[in-house]
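Visitor: I would like to go through a structure with you, taking its pocket lining and its salt bridges in turn.

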Amino acid sequence: MKPADYSKLLHQHYLAEFIPAGGSTVKFVVGDQHATRLFWTDLASLCPRFLVASAEASGGAVLHPLHNAFFQIARRVNWRSFARRFLLEALLLSEWQIDAATDLSIDSLARWNGLTSVQVEDHVERLLSRLLYGKPGLAPEFRHCLATLVWAILLPEDYSRNFAGGVAENWLTGQITAIHQCKPLHIYRRITANNARSILMSMCRVARQAGFDGTVLFIDFSSYFGVAPSGRRYRVQRLMDLYETMRQFIDAADSLDSTLLCFAATRDFIGESPLSFRSYEALRLRLTNEAFALEYPNILAPLIELDA
């Protein structure tokens, strides 16, 4: 299937209604590097109202353990803008008078709504308690992190608040130098292989509350099939671990919340070598196409081969 055709089909069958309504799905595309990149470029152009981010195993970067992929994704997200959108949607939901084109500081909100700064702070505390801390399924660290970024927007002149906002961004992107910097944020551990999936899923769940129609993620692991200096055995084990992560995402698709997650690889992924997905039975069972036609591809299958 042509990359442009498949991106349009995904938009028609998933992004137009299914994803914005709360649905989620995990897809795999295989083809040469040109085809997969063309597919991603076309798909991203069809998602102006979505949170869009990608990760790629290239230039020595790795995607496994999962926190490495998350850090790449997080560095492509404007977290200050994300927090601002979350705050704006929360205030609009409460029918506050807001000039969205200007700042959302405590003083401005107080002036527009005829309240005192203390009253605005109390109201925001209640909003965060209900919409963030009261929302089920979010990682505790992500709640504290996003709340910190929201307060940095509300109190732009407060140095300590803005410093904390910078620490929060560094924590999300894997650039924190010492975990003790995060203690004032009530965050006591880094993002690692143990909590990266819950942090990523939390981001996807909150994206709708931040005014996005959903989240579209693209993870390209094509480079995993190249020549590795560590030798074949190491590459096979690394891929098997990555395949297990993919299996977990497929099984947890219902918990992603308004998310399209696409994995991309070369045709080695579907070949007969020890590196193909068929070598990992749990993933093979989930990607096997159960509906075949000689003339037409199954466009709803989890795995699609792209033409050059």
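The conversation below concerns a predicted model and turns from a pocket to charged pairs.

Visitor: Which helix supplies the largest share of the lining of the second largest pocket?

Guide: This pocket has a volume of about 320 Å³. It is lined by 17 residues, with Thr148, Trp151, Arg161, Pro184 and Leu185 the closest to its centre. Helices H6 (117-131), H7 (140-154) and H8 (159-172) each contribute at least two lining residues. The largest share, 5 residues, comes from H8.

Visitor: Which residue of helix H2 is linked with Glu56 of strand S2?

Guide: Glu56 takes part in a salt bridge whose closest N and O atoms are 2.8 Å apart. The pair links distant parts of the chain, from strand S2 (residues 51-56) to helix H2 (residues 33-45), 19 residues apart. The partner of Glu56 in this salt bridge is Arg37.

Visitor: How many residues apart are Glu169 and Arg80?

Guide: Glu169 and Arg80 form a salt bridge, with the closest N and O atoms 2.8 Å apart. Glu169 belongs to helix H8 and Arg80 to helix H4 (residues 79-93), and the pair links distant parts of the chain at a separation of 89 residues.

Visitor: What is the relative accessibility of Glu281, the partner of Arg284 in a salt bridge?

Guide: The closest N and O atoms of Arg284 and Glu281 are 2.6 Å apart. Both residues lie in helix H12 (residues 281-287), 3 residues apart, which is about one turn of the helix. Arg284 is partly exposed, with a relative accessible area of 26%. Glu281 also counts as partly exposed, at a relative accessibility of 42%.

Visitor: Which residues are linked in a network of salt bridges?

Guide: By the rule applied here, the count comes to 9 salt bridges. A network of such bridges links Glu244, Arg247, Asp251 and Arg286.

Key
Residues numbered from 1 in each chain as written. Predicted model: local features only at pLDDT ≥ 70, side-chain atom pairs only at ≥ 80, totals over all residues. Heavy atoms only, no water. 1 Å grid on protein atoms, 1.4 Å probe; cavity = no way out; pocket = protein on both sides within 12 Å on 5 of 7 lines; lining within 4 Å. Points joined across faces, edges and corners; volume = space filled by probe spheres on them. Helix = DSSP H or I, 4+ residues; strand = E, 2+ residues; numbered from the N terminus. Salt bridge = Lys/Arg side-chain N within 4 Å of Asp/Glu carboxyl O. Buried < 20%, exposed > 50% of the residue type's maximum accessible area, 1.4 Å probe, protein only.
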